[in-house]
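Dear colleague,

Please find the structure below, together with its sequence. My notes on what was found in it follow directly after.

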Amino acid sequence: MTRYAMVADLRRCVGCQACTASCKEANGTPPGVQWRRVVDIEVGEYPDVKRVFVPTGCQHCADPPCMHVCPSTATRQRADGIVTIDYDLCIGCGYCAVACPYEARYKVDTASFAFGDEPSACEEVRHDPKKIGVATKCTFCVDRIDAGRAKGLVPGVDPDATPVCVNTCISGALAFGDIEDPDSNVSRLVRENKSFRMHEEVGTSPGFYYLWDKETP
Amino acid sequence: MKQVVQARLQRYWDIRAAGNFSFGGTGSGLVLAAALALALGVASPWAVAVGLGFIGLGLFCVWLEIGKPWRAINVLFHPHTSWMTREALLVPPLMAAGAAAVLIDIRFVYLAALFAAGFMYCQARMLLASRGIPAWCQKEIVPLILATALAEGAGAFLVAGGRPQALIVVALVAGILREIARVLYRKGLVAAKLPAATLKWMASREEKGLTALRGLSLACLALALAGVAPTALAIAGGSLAVLAGWGLKAVIIVRAAFTRGQVISHTPTRGRGPTAIVIPS
C-alpha cells in the first residue's frame, strides 16, 4: 500500500515562506487562505527563548475527522492516503473546518483578489468559482502527483510529480514520498531522525512528520 | 516546554449555527415535554406545533450559514459517520410524526418524542465530533447539551400555557441536571488542561450573567412548586430557563470555540550538520 506523507525538518526550516508563496501561486488561493503556511512559534522562557518555524497545513490524516463529520461525502480519502474535497458536493457547512485539529481548512464566501476587485493575470488563470462557498485545503498537489505518476515519475523524487511547496523549499526542509515504502526518502528521514507528529493525542494519525533531532550515534 | 499559545477563535460557525443548537434544543425539548404532559393526562398539540416551529427555525438558521444553500440536500449523503447527516435525516420523520400529533391524533406525540430525543442527541454528538475545538470535543458536553435542551423544552412548555404541577417538577429537575452537567463539563475542561483561552469564557461577564439567569430560573421554579405565585413564577422560571439555555449555547459555539493551535512537542536542535535530505546516504 502507498501512503503519501510529508516530512518537515524543523532544524532546517528558516521561515522564508517560499513554500507558502509557491502554494498560493500554484493553487490560486485568495488573500487570507494559505493551504501551506509556516507558523512562527516562540518556545522557552527568557532568557532561553527560541523561534521555531513550523510548516503546517492539511496533515492528510490516516483517520481524518474532517471526512467522518462531512455530511455530504465531499471529503474523501484516496487509497494513497490523500484526503480530497469534491467541490461539487460540498455544501460549505464548515463542519470539517471545526473538526480539523490543524486549522487546515478554509472557506471563503466571496471572491477576493490580492490587488483590488479585479484578478491579476495570474489570479485570472487560477481562479476557480467552484471554490467559493465551499471548504478548501491542501491537496498535496494531487493533480501533479497523478499527472506525474501517469508519466512514470515518482512523487517525492521527480519534481514534476512532487508538491510545489517541496520543490520550492530553499533549505531542503520539506520532503515528500511514500511513508509505507521503507526505501523512500521520507521513510528514511523518519527512521534516521527523531520525529513527532502534531496533536497525536487526538488520534488522527497525521501524515505529516516533524524532524527535530538526530539520533546520537 | 513553554511556548506561545497559538489557539484562536474559530470563525466558521457563528451565531447562526448557535441558533440551530438553541432553537433545535428548545424545539426538541418541547416535543419531549408535550409527550410527558400527555402521559400525565394533559394533551397539548400546541406545544408540539411550537416545538416543530422552533426546530424548523433552527434549521433555517443553519441554512442561512452554509456556503451552498441550494445544494443543502447533500447534507443527507453521509449517515455512516456524520452526526450532521443523522440529525438531518431525523427531521422528516420528526416533522411527520409531530404533524400527525397535531392534526390526527395527539398520541403520535410519543413517536415524535422518540425522534426529538434522537435529534437532540445528534446535536450533542455533532459538537463532540468536532475534534478541532477542545471546548466541544469534551465528553461532558453531551449531557450538558441534553440537559439544557430538556430544561429549555420544559421551560418553554410552562411559558406557552401548560403548567401542570408535574411539568414544573420536570423543569426544575431538568434545570438541576443542567447545572450538574455544567459543573462536570467545566471540571472536564480544566482537567484536560485546555488552552487558557478556552477556559477564560467561564469567567467572562456573559457567563456570570448566564449563571445568574440560571440560578434565578431555578429559584422561580422552586418557589412556583412551593405554591408562591405559581403561575407567574412558573412562567418566569420557564422563560429564564429558555433564555439561559440559548445564551449558554451561544457562548459555547461562538465565544469558547478556540482551536487547539499549532503545538510542537520538541524543540528542534539546529547546527548539527546536513541531513539526508541534502546528502543522500
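Helices (DSSP runs of H or I, at least four residues) and strands (DSSP runs of E, at least two residues) are numbered from the N terminus. With that convention, chain B contains nine helices and zero strands, so that its elements read α-α-α-α-α-α-α-α-α from the N terminus on. The C-alpha trace of chain B spans about 80 × 40 × 25 Å along its principal axes.

Please note that this is a predicted model, in which local features need pLDDT of at least 70 and side-chain atom pairs count only at pLDDT 80 or more, while totals for chains, interfaces and linings use all residues. Residues are numbered from 1 along each chain as its sequence is written, chains are lettered from A and ligands numbered from 1 in the order in which they are written, and side-chain values use heavy atoms, with hydrogens and water left out.

The interface between the chains

Contact here means heavy atoms within 4.5 Å. By this criterion, 66 residues of chain A are in contact with 55 residues of chain B. The two chains bury about 4,900 Å² between them, 56% of it on carbon and sulfur atoms; buried area is the accessible area (1.4 Å probe) that two parts lose on being put together, summed over both.

Two salt bridges are counted between chain B and chain A, a salt bridge being a side-chain nitrogen of Lys or Arg within 4 Å of a carboxyl oxygen of Asp or Glu. A:Asp63 forms a salt bridge with B:Arg131, with the closest N and O atoms 3.9 Å apart. On the side of chain B that touches chain A, α3 (83-103) and α4 (109-128) of chain B each supply at least two residues. The residues of this side comprise 24 nonpolar, 21 polar and ten charged. In this division, Ala, Val, Leu, Ile, Met, Phe, Trp, Tyr, Cys and Pro count as nonpolar, Asp, Glu, Lys and Arg as charged, and the others, Gly among them, as polar.

Strands and loops of chain A

Strands of a sheet pair through backbone hydrogen bonds, either parallel or antiparallel. Two strands are taken to pair if DSSP finds at least two bridges between them. In chain A, four strands form an open sheet of mixed pairing, in the order β8-β1-β10-β9. β8 (174-178) and β9 (193-196) of chain A stand at the edges with a single partner strand each, so one side of each is left without a neighbour in the sheet. Within this sheet, β1 (residues 4-9) and β10 (residues 208-214) of chain A run parallel and are joined by four bridges. A:Asp9 stands opposite A:Leu211 in β10(A).

β2(A) and β3(A) run antiparallel, joined by nine bridges, and form a hairpin with two residues between them. Across this pair, A:Gly44 stands opposite A:Val49, and A:Val39 has A:Val54 as its bridge partner. A:Pro47 lies in the loop between β2 (37-45) and β3 (48-56) of chain A; a cis peptide bond, with omega about 5 degrees, joins A:Tyr46 and A:Pro47.

One further loop residue may be noted: A:Gln17, between β1 and α1 (18-27) of chain A, has phi near 70 degrees, a positive value in a residue other than glycine.

With kind regards
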